[in-house]
Amino acid sequence: MLVQLLSAIVALYLASRLLNSRRRNVHLPPGPKPLPLLGNLLDMPKSEVHVTFRDWANIYGKDLMKVEMPGETMYVISDKKVMVDLFEGRSVIYSSKPTFTMAESSGFKNGIPLLPYDSRLKTSRRLLKQGLSPAAVRSYYPYINNRAALFLETLNEKPDDFVRHFTRMAGHTALKIAYGYEGVTEDDRLLETAIQAMEYFATVVSPGKWLVDSLPILDRLPSWFPFAQFKRIQNQSKPVVYETITRPFEEVKRHLARGTADGSLSSYLLQSEKSDPELEDAIKWAATSVFLGQFDTTTATLSWFTHAMVKHPEAQKKAQEEIDRVVGHDRLPEIEDRDSLPYVNAVLKEIFRWQPIIAMLPRASSQDDEYNGYFVPAGTYMLANIWAVLHDPEVYPEPEKFLPERHLKEGTPDPLDVAFGFGRRVCPGMQVAQSQTFETMASMLATFDLRPAKDAHGKEVMPETKGIDSLINFPVPFKCTFTPRSQAAMELVHRCAEHARSLPDRLERWSD
Ligand code: HEM
C-alpha cells in the first residue's frame, strides 16, 4: 500500500509538471510561490484561512489567485463581480463541486451540497423547490411566528442555554417542514443524532484539511493503518448519518401507509412523484438537506446576533425603539412586519455581512474555460471567498465594525446577495433562513434586554469577538444575560406561547 501511495504522489507530481510544461503558453493566475510536491501547504494558516486568502488576494489578485495544494490546484475568487460572472453568467461551467472523498466515505455521498452538477442535482433542486419556494415558505410563516413565542418562553426559563434553545427552535421548524415531525422533547434522539451528523459534516467537509481529498487513493487504506485517523472518523460518522437520513423518512412512509401523514415536504413528494427507487432516494436526501441545512446555520446566525447586541447596546436600543413604535406592545413582531422595520432588517443584513456563516464556497469547473485572460482547466477547484467580499473596505467602510446603519444608505450592496451563494447552487433555504432569523431577532428585541454577563465583582464581561474554526462560523461560546423588558412583555410571551400550544397542527409523537 505504501508503495502504491508513494507511486501515486510521484505520478501526481510528474503529471502536474507535464501539464504545466504543456501550459507554457497559457496564462495561469498568479499566487504565492509553491514548493515542489507540497505546493503552498506550508504557507497555509492553522485557522481563519479566509483572512489569509484575503491578504494574499490583495497581493496577487482579487479576481483569480492560484493556490497549490498537494495534488490539487485551487483558484480563489475574492471579487463579487467575478463570482457573478462565473457562477451566474457561466453557470453551465461553474455549478459543479470538487470531489470531497473524505465526506463521501463518511456517509454524505448523496448530500445535495456535495453533488456534482448532474441530473441527480437537478432533480434534487426541483424537489426542494416544492417545499422551499417563496410561496411555500409563506405558508410556514404562522408556524415560524408561533415557534418564536415558545422559544421566548424557554429563553426566559433557562437563559443560560440560549444556544441550545436556538438549535431546538430551528430543529423543530426543520423537522416540521421536512417530515411533519413534532414532539421534539428535551432528550429527543433524532435531534441529538442530527446535531452529531452536522458536527461530522463540518469536520469532513473542510477545504484543504484532508489529504485524502487531494489523494483519493489514500481512501483505500485500512482503518488500522498507522496515521489513518481519518478512516476511523469515517467509520464513526457513517452510522450516525445513516440514522439521521433514514429514521425520520421511514417514519413518514409508515404514516403514509396508515394514511396519517401531513403535508410535509417528504410526504408530499412521496405522494406526488412517480414511484421509483432512485427518485425515492433523492427525496430522502432532499428532506435530509432541509433538516441538516437549517438548524446549524440558524443557530450560528442567531448566536452572532446575540453577541452583536450584547456588544452594541446602541444598535439594540435603536432596534427596540423601532419595534416599540411600529409593532407596539400588544403583540409580538411577525415576519410580515419585516418591510416596516428597516432598522431591524439592517441589523439582520449586518449580521450576515459581519459574520457570514459560510466564509468560503467551494465550486468546480466542469470544462476548460478562459477568464480575464487566465486559463481555467476543467475540474479546477474554485473557492469563492465570500468573507473577503463582505469585508471589502471599499464597499463596506470599516468592515470589522458592526454598523447596521450602512445598509440604510442608498447604494450599499445587499450582503444577502452574497451570503447565500450564487446561481444554480444558491442556497435553496434562504427564504426560510431569513424569515426565521428575522422573526427570532425581532421577538427577542421586543421582549428582552441583552446584556453582557457580570463577573464575581459585578463587572460586565464583554465577550471576545472570535469565531470557532469550522465549516459553519459560530462565535466561541460566551455568556450574557436576557432581562425581560417589562412584566407586560413576559405576560405577552406567555399568552402567545399558550396560543401556539393550543393550535391543532401538532402531530402525534412519532414512535421510536
Ligand atoms: C442562516 C442561514 C443560511 C446560510 C447563511 C446559508 C448559506 C448557504 C450557502 C452560502 C450555500 C452554498 C451556495 C453556493 O454554493 O452558491 C448554501 C447551500 C445550501 N443550503 Fe443554505 N444557508 C442557510 C440556511 C439554509 C436553510 C434554512 C436550508 C434548508 C431549509 C439550507 C439548505 C441548503 C442546501 C440544501 C444547500 C445546497 C444547495 C446546492 O448545493 O445546490 N440552507 N447555503
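Two strands count as paired if DSSP finds at least two bridges between them. The views below show a predicted model.

**View 1. Strand β6 and its partners β3 and β2.** Strand β3 (residues 360-364) pairs with β6 in the antiparallel sense, over five bridges. Within this pairing, Met360 has Asn385 of β6 as its bridge partner. Strand β2 (residues 72-77) is joined to β6 by four bridges, and these two strands run parallel. Here Tyr75 stands opposite Met382 of β6.

**View 2. The two faces of strand β6.** Strand β6 spans residues 381-385 and is mostly covered, with five of its five residues buried. Tyr381, Leu383 and Asn385 point one way from the strand. Met382 and Ala384 point the other way, and the residues of both groups are buried.

**View 3. Ile386 and the largest nonpolar core.** This core holds 132 residues, and Ile386 is among those that touch the most other members, together with Val76, Ala178, Ala286, Ala287, Val344 and Met441. Helix α12 contributes the most to the core, with 16 residues. Leaving aside residues up to four places away in sequence, Ile386 touches Pro356, Ala359, Met360, Leu361, Val418 and Ala419.

**View 4. The shell around the ligand.** The ligand is surrounded by 25 residues, of which Gly293, Gly421, Cys427, Gly429 and Ala433 are the closest. The elements that give two or more residues to this shell are α5 (119-132), α12 (277-311) and α17 (430-447). Helix α12 gives the most, with seven residues. Sorted by class, the shell has 15 nonpolar, eight polar and two charged residues.

**View 5. Cys427 beside the ligand.** Cys427, one of the closest residues to the ligand, is found in the loop between α16 (416-419) and α17. The UniProt annotation "binding site", from an unreviewed entry, covers Cys427. Cys427 counts as buried because 20 other C-beta atoms lie within 10 Å, and the cut-off for a buried residue is 20 or more. Not counting residues up to four places away in sequence, Cys427 touches Phe420 and Gly421.

**View 6. An open sheet of three strands.** The strand order is β8-β7-β9, and the pairing is antiparallel. The edges are formed by β8 (460-461) and β9 (480-484). Each edge strand has a single partner strand, so one side of each is left without a neighbour in the sheet. Strand β7 (residues 448-454) is joined to β8 by two bridges, with the two strands running antiparallel. In this pair, Lys454 stands opposite Glu460 of β8.

Conventions: Residues are numbered from 1 along each chain as its sequence is written. This is a predicted model: local features need pLDDT of at least 70, side-chain atom pairs count only at pLDDT 80 or more; totals for chains, interfaces and linings use all residues. A residue is near a molecule or strand if its C-beta atom, placed from the backbone, lies within 6 Å of it. Ala, Val, Leu, Ile, Met, Phe, Trp, Tyr, Cys and Pro count as nonpolar, Asp, Glu, Lys and Arg as charged, and the others, Gly among them, as polar. UniProt positions are given in the numbering used here, feature names are shortened, and annotations may be inferred rather than shown by experiment. A residue is buried if 20 or more other C-beta atoms lie within 10 Å of its own, exposed if 12 or fewer, and partly exposed in between; C-beta atoms are placed from the backbone. Two residues are in contact if their C-beta atoms, placed from the backbone, lie within 7 Å. A nonpolar core is a set of buried Ala, Val, Leu, Ile, Met, Phe, Trp, Tyr and Cys residues joined through C-beta atoms within 7 Å.
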